[in-house]
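Please read it alongside the sequence and the model.

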Amino acid sequence: MSILNKNIFILTGAGISKESGINTFREEDGLWDNYKIEDVCTPNAFKRNPDLVNNFYNERKSQLESPQIKPNEAHLSLAEFERNCSGEFLIVTQNIDNLHERAGSKKILHMHGSLESAYCMYCNQKVILNFNLSTSYQCKNCLNKGMVRVDVVWFGEQPKYLEEIYNFLEKTEVFISIGTSNNVYPAAGFIDFLNQLNKKISMYEFNLEKTIKTAQFDQTYFGPATKTIPKFVENLIKDL
Ligand code: NAD
């Protein structure tokens, strides 16, 4: 029976963007080989060395804007999936890149923020991030210098949209996890939350390898997301 008329929750992580050329965090060649989490992804790191943190995110942003970085077949297939769904559909991504949007997906929540915006820590004014982050940048609203930071969620900070996410989880009938190591909470706990609801929910995982949550899924598809996701979506649509 097709799942296209069900309420579908898709959780994506760094693995879905890997084949677009954006490194994951934890694998070999991952970002953490060149940077330490505590140096670039915490509020204290920003206090200690704002230039290092700003430069880290300026690099991420300019990489994302380079012509060779594009949505891959997995991102494109998820957009196709959404277009064919008659139930409710939501992508919750841990990624800070904009590849789901560029692939044509519509309902996306960036629970760890995004490289598309920045905000002033003094007056909270949000701005489109179309400039280089720097300690000499002046907030256009309150005129303070050096207070504007990237709008991503750092370790120790509260992820975004949690109320919306948990409301959707309550009505989720199909849960699909793609390219996440399931190491970072609360995202890693979504499957535990669903299991506690004691409802029949179909759960699928897509990854290169087993994760610490694999045993909780009904089915895991091993392989690169650009191969496994298009095949999965194609089969769903074919069965319509
Ligand atoms: P992670 O680095 O912890 O894990 C990546 C997972 O993806 C691994 O389990 C790996 O086996 C799998 N994977 C790698 N290549 C794959 C492929 N081609 N197909 C399928 N699976 C593949 O990443 P995570 O779980 O998203 O962890 C957390 C943090 O990393 C998040 O906070 C996120 O904000 C951040 N992050 C984001 C980006 C991005 O925006 N693209 C990049 C790096 C890290």
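Arg 60 lies over the face of Phe 56, at 4.6 Å from the ring centre. The criterion is NZ of Lys or CZ of Arg within 6 Å of the ring centre and within 35 degrees of the ring normal. The model is predicted, so local features need pLDDT of at least 70 and side-chain atom pairs count only at pLDDT 80 or more, while totals for chains, interfaces and linings use all residues. Residues are numbered from 1 along each chain as its sequence is written, and side-chain values use heavy atoms, without hydrogens or water.

Buried means under 20% relative accessible area, exposed over 50%, and partly exposed in between, with a 1.4 Å probe and protein chains only. Helices (H or I, at least four residues) and strands (E, at least two) are DSSP runs, numbered from the N terminus. Contact here is heavy atoms within 4.5 Å.

The open sheet has 3 strands in the order E5-E4-E6, paired antiparallel. Its edge strands are E5 (126-128) and E6 (148-152), each pairing on one side only. From one strand to the next, the twist averages 40°. H4 (residues 50-65) packs on this sheet and touches E4 and E6, its direction making about 135° with that of E4. Axes are lines fitted to C-alpha atoms, for helices over the stretch in contact, and angles run from 0 to 180 degrees between N-to-C directions. E4 (residues 113-120) and E5 pair over 3 bridges. Pairing requires at least two DSSP bridges between two strands. Ser 117 has Ile 128 of E5 as its bridge partner.

E7 is mostly covered, with 5 of its 5 residues buried. Val 174, Ile 176 and Ile 178 point one way, Phe 175 and Ser 177 the other. E1 and E7 run parallel, joined by 5 bridges. Leu 11 is bridged to Ser 177 in E7. E7 also pairs with E8 in the parallel sense, over 5 bridges. There, Ile 178 has Phe 206 as its bridge partner.

The buried residues of H9 pack against helix H5 (73-83), strand E7 (174-178), E8 and E9. Among them are Ile 229, Phe 232, Val 233 and Leu 236.

**Aromatic pairs**

The structure holds 17 aromatic pairs. Rings of Phe, Tyr and Trp (its six-membered ring) pair if their centres lie within 6.5 Å; planes under 30 degrees apart count as stacked, over 60 as edge-to-face and the rest as tilted. Two of the pairs are listed here.

| Pair | Centre distance | Plane angle | Class |
|---|---|---|---|
| Phe 9 and Phe 190 | 5.7 Å | 75° | edge-to-face |
| Phe 206 and Tyr 221 | 4.7 Å | 10° | stacked |

Phe 9 lies in E1 (residues 8-12) and Phe 190 in helix H8 (residues 190-196), so their pair ties together parts 181 residues apart in sequence. Phe 9 and Phe 190 are both buried. Phe 206 in E8 (residues 202-207) and Tyr 221 in E9 (residues 219-222) tie together parts 15 residues apart in sequence. Phe 206 is buried, at 2% relative accessible area. Tyr 221 is partly exposed, at 24%. One aromatic cluster includes Phe 9, Phe 175 and Phe 190.
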